[in-house]
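These notes are meant for a colleague who is opening this structure for the first time. Please read the points in order, with the model in view.

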Amino acid sequence: MRKFITGCLLGLVIGLALSTSAQHNATTGRSHSKVSTVTFSATPTFDGAATTVFKITLTGNVTSSTFSNGVAGNIYVLIVCQDSTGLRTFVYPTNWKGGVVIGSTLSTCTTQVGVYDGANVLSTSLGLTGL
């Protein structure tokens, strides 16, 4: 039952992020209404002007990451997944505040949601691990 409720909540949060980006799309003409898969890098960049939902699968450790070009008021979702090895580490961007510790279990994901205030992404939940 917990997994069902967790899945429903995650769906709601991602839906909110996509609807936020759809509103942004109407003003900028750019399409943001999809999950953007970020290619693994030890130093990935998450571009807030390109999308509001990011997914990265860890195939190694992330030693630093960057969030840039955020739109004030947008809700951003970060989905960080472990590969089939697991135990990978992830360092949030310095301007993403309050991110949950990424779960280490192989083949599971951690999600974190935040609102961009013009300078920082402020986490709005405790985050979900083990999904």
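1. Strand β7 is largely enclosed by the rest of the structure, because seven of its eight residues are buried. Buried here means under 20% relative accessible area, with exposed set at over 50% and partly exposed in between, using a 1.4 Å probe and protein chains only. Strands, like helices, are DSSP runs numbered from the N terminus, where a strand (E) needs at least two residues and a helix (H or I) at least four.

2. Before going further, please keep in mind that this is a predicted model, in which local features need pLDDT of at least 70 and side-chain atom pairs count only at pLDDT 80 or more, while totals for chains, interfaces and linings use all residues. Residues are numbered from 1 along each chain as its sequence is written, and side-chain values use heavy atoms, with hydrogens and water left out.

3. How does β7 sit among the other strands? It belongs to an open sheet of six strands with mixed pairing, in the order β1-β3-β5-β7-β8-β6. The edges are taken by β1 (35–37) and β6 (96–97), each of which has a single partner strand, so one side of each is left without a neighbour in the sheet. Two strands are said to pair if DSSP finds at least two bridges between them.

4. On one side, β7 pairs with β5 in the antiparallel sense over seven bridges, and V77 has V113 in β7 as its bridge partner. β7 also pairs with strand β8 (residues 121–123), again in the antiparallel sense, over three bridges, with Y116 standing opposite V121 in β8. β7 and β8 form a hairpin with four residues between them, and G118 in the turn has a positive phi of about 105°.

5. The parallel part of the pairing can be seen where strand β3 (residues 53–58) is joined to strand β5 (residues 75–82) by six bridges. In this pair, K55 stands opposite I79 in β5.

6. Which residues form the disulfide? Taking a disulfide as a pair of cysteine sulfur atoms within 2.5 Å, the count comes to one, and this disulfide joins C81 to C109 with an S to S distance of 2.0 Å. Since C81 lies in strand β5 and C109 in strand β7, the pair ties together parts that are 28 residues apart in sequence. The link of C81 and C109 is right-handed, with 100° about the S-S bond.

7. Both cysteines are buried: C81 has a relative accessibility of 4%, and C109 has a relative accessible area of 17%. C109 lies in β7, which covers residues 109–116, and, leaving aside neighbours within four places in sequence, C109 is in contact (heavy atoms within 4.5 Å) with residues including I79, C81, L128 and L131. The C-alpha atoms of C109 and L128 are separated by 8.2 Å, although these residues are 19 apart along the chain.

8. L58, in strand β3, is buried with a relative accessible area of 0%. Beyond its neighbours within four places in sequence, L58 has contacts that include F40, C81, D83, R88 and F90. Two of these contacts, D83 and R88, form a salt bridge with each other, their closest N and O atoms being 2.8 Å apart. A salt bridge is a side-chain nitrogen of Lys or Arg within 4 Å of a carboxyl oxygen of Asp or Glu, and by this rule the count comes to one. D83 itself counts as buried, at 13% relative accessibility.

9. A search of the whole structure finds nine aromatic pairs. The rings of Y92 and W96 have their centres 6.3 Å apart and their planes at 35°, so this pair is tilted. Rings of Phe, Tyr and Trp (its six-membered ring) pair if their centres lie within 6.5 Å, and planes under 30 degrees apart count as stacked, over 60 as edge-to-face and the rest as tilted.

10. Finally, a caution on confidence: the protein chain averages a pLDDT (the predictor's confidence in each residue, from 0 to 100) of 84, and 75% of the residues score at least 70. Over residues 8–26, however, pLDDT stays under 50. Where pLDDT is low, the predicted coordinates should not be read in detail.
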